[in-house]
Amino acid sequence: MITRLGHLSLVMSGSLALITMLWCGGAYLIGASSSVQTRVRWLATSLILQFWGVALSFLSLLYAFGTCDFQVLSVALNAHIDAPLLYRVSAAWSTHEGSMLLWAFLQTAYGAAYLLCRPLVYSGYQQRFLSVFNVLNGCVLLFVLLTANPLVSLDFSPHMTGRGLNPLLENPLLAIHPPILYMGYIGLIVPYVSALAQCAFPGRERYWAGHLRPWALWSWTFLSAGIALGSLWAYEELGWGGWWFWDPVENAALIPWLLATSLIHILGVLQRSALFPLAARIFALSGFVMSVAGTFLVRAGMVSSVHAFAQDAARGRLILCFLIVLTGAAFWQLIAYYSKVRPPLLQAPRNSYVRLMRVLAVGFGSLAILVALGTFYPLLHLTLTGKDISISPSFYNALFLPCFVIVCLVMGLGSAQVWRPGKGYTQTLLSMAVVAGSVFWWVWMFVPQAQCLYAFTLGAGAWILLTSARALTAGVRRIPMVGAHMAVGICLISGAVEQQGLQQKTVCLQPGVAQEVGSLRMRLDATLRESARQFERRRVCITVMQGSDSCVLEPAQRFYPLHQARTSEVALWRRLWGDLQVVWMPSLGSDEETSEAVVGVSWHPMIAGLWTGGAVLALCGFLAFCFACRRLQAPR
Amino acid sequence: MKRKHQRLLFTCICLLLFSGAVVVVVHALQENLLYFYTPLQLQQTDKPLGHKMRLGGQVQKGSFQQNGDAIFFTVADGAAEVRVVYTGALPDLFGEGRGVVAEGLWQGGTFQATRILAKHDERYMPPEAAVSAQEPAS
């Protein structure tokens, strides 16, 4: 009953969006005499009603999943009576249909939030913003209703226990990963629509930038948190401790993140000195366009990736149409803006701050283009030649990493701008450069098997940490920026050290006998078997000793009979300077109990720094968001 | 005039850097392309191919062997079979009778894999669940 109500409210929201679209569009074309005031009020009411409708239907979906109402097809296919509540509810957004409803929910929520945060000004800008937002709402709601409705129910209520979620997705990190990432992806819609409206009604650039910046910071924070969570899940679940594979789905999240980083910096410049209005618009527009492009990539099934949803070409075509409309609208408005206003393209920079921001914009823009090229080129190649190809990770490692490290050097200079007015600026900066340079030289010369890029990354990380640490004394207002820069430095150093110092070994352990594995001693104690409601679990107990420390690790294998799928539980020994990961690799297909155990052992130095850096980055983003909001409310 | 010359010089340098970057990127792209092969296509060449590639198909039932570190299995696509050799951890969704994509080098007779990818189709429904969903409630 509740889901029927939810379905009904979804249909009503969709039709409301359509009606408003037609009414406003019709009024515009006819040149009707209704004033801007009426139209803005009608649009605002419509957007808020749409939000309530979609919220109701999303909540009804969550309720159906929570109570295992198997009459709803989505629930029958993805929930299981015996699954814990978290995985029942998170199954709601792990399917294509459920995640599209989540998308619609968040999109309408952002519309309602925008109306809540801004006073209702009756102007051309506001009307354009609200009507474009309404059109986008209409498109997404139509897509959900017609092709991806998760609330489709069967005519009968089947007696079943449910198929259950894909066992690989039963992990607390992955359960909350989609909502957080989607908050980031869809958050970029406000900059997009805002930039479209600002292109049509240019003026008061500093005011516009000041009001847009909190929105950009909010979605940037959630994108950073989402990417970090995804990497953490991959590290803990997928075995062998890899955390970034340059997978198309991971790149689809990285590209909007790079564009959002540029956006928050450029908006800061625009707010301060009314410079780079065109660049701000370009980054704002491209952020959401690349989010949707990433969605297209993941759902169209044209690229082979372990993360992708099941293939369906029809969904892909519709999303592609939406993407083309978005890109077309963006280009049209940009060209219209440029031809109307003619903003100066290549100005002489006034000071080094502006110069740095220009380099940053070009740098991050190029990085985004590079990753997009690598991610979308296989698609292009497939369409043009029909041959299926993929780009190996070494493309990104060879090109992206060096450019990113160079951009990070510029970032260090950016942190240094904060304490620039102090005395002895040049001397301190030079001495920091010398220290970083000596780190680079020492690592390259004296650390065995160190490559130039590794030494360069460590030198750059040291440079960032030094310049940002000095900037900490500049005051509370600067802490988010400085903290975020330091977090990037920590991530750079940890990531580089982990990749360089990674050691992996496969050993065959005999029961009761302690074996030397590198600097450790490992002993297989027991092999146990137990069964839970949904799965059968076999685990091995291994005692690992290093020096005077020892730890009992229990890597396990789970078998889900309903899915005929195995998942492995990785055992982690988290130590201060690194993690030891042990994965049990029992022989496939043989169910008999052998006394020995083949395990994969891997040592990941300094990996905790990566997660710390990610958490600090998200936290600083949130702090920056709060500070930006407070700045808006303070009287001029 | 000097200003005009400065801008011209600046534009030229930018164009040069840009074309240099394009050359570097295109070269890297060409070098790192991984073509996708089916077992049938690989069977047709006996000599080892120098570039890395991807091989996709189904893991043949009963072909899996593990010898300490090394793992052997056969990938088939209905028309041909290829023997694959791999050292390392297998992804959880790997199984006989399931789809797999192996990345590595073709050595002429066997495929030396460096990475294995396995994917789960969300539409896969085991027979018991499909049957019970069809029966109406009594």
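How many helices and strands are there in chain A? I counted 18 helices and eleven strands in chain A, taking helices (H or I, at least four residues) and strands (E, at least two) as DSSP runs numbered from the N terminus.

Ground rules: I am working from a predicted model, in which local features need pLDDT of at least 70, side-chain atom pairs count only at pLDDT 80 or more, and totals for chains, interfaces and linings use all residues. Residues are numbered from 1 along each chain as its sequence is written, chains are lettered from A and ligands numbered from 1 in the order in which they are written, and side-chain values use heavy atoms, with hydrogens and water left out.

Next I looked up overall size. The radius of gyration of chain A, over C-alpha atoms, is 27 Å, close to the 26 Å from the globule rule for 636 residues, so chain A is as compact as a globular protein of that length. That rule is 2.2 Å times the number of residues to the power 0.38. The C-alpha atoms of chain A fill a box of roughly 90 × 80 × 50 Å along the principal axes.

Then I checked burial. Of the 636 residues in chain A, 56% are buried (under 20% relative accessible area; exposed is over 50%, partly exposed in between; 1.4 Å probe, protein chains only).

Last, I looked for disulfides (pairs of cysteine sulfur atoms within 2.5 Å). For Cys551(A), the nearest cysteine sulfur, that of Cys541(A), is 12 Å away. Cys551(A) is buried, at 18% relative accessible area. For Cys12(B), the nearest cysteine sulfur, that of Cys14(B), is 9.6 Å away. I noted Cys12(B) as partly exposed, at 47%.
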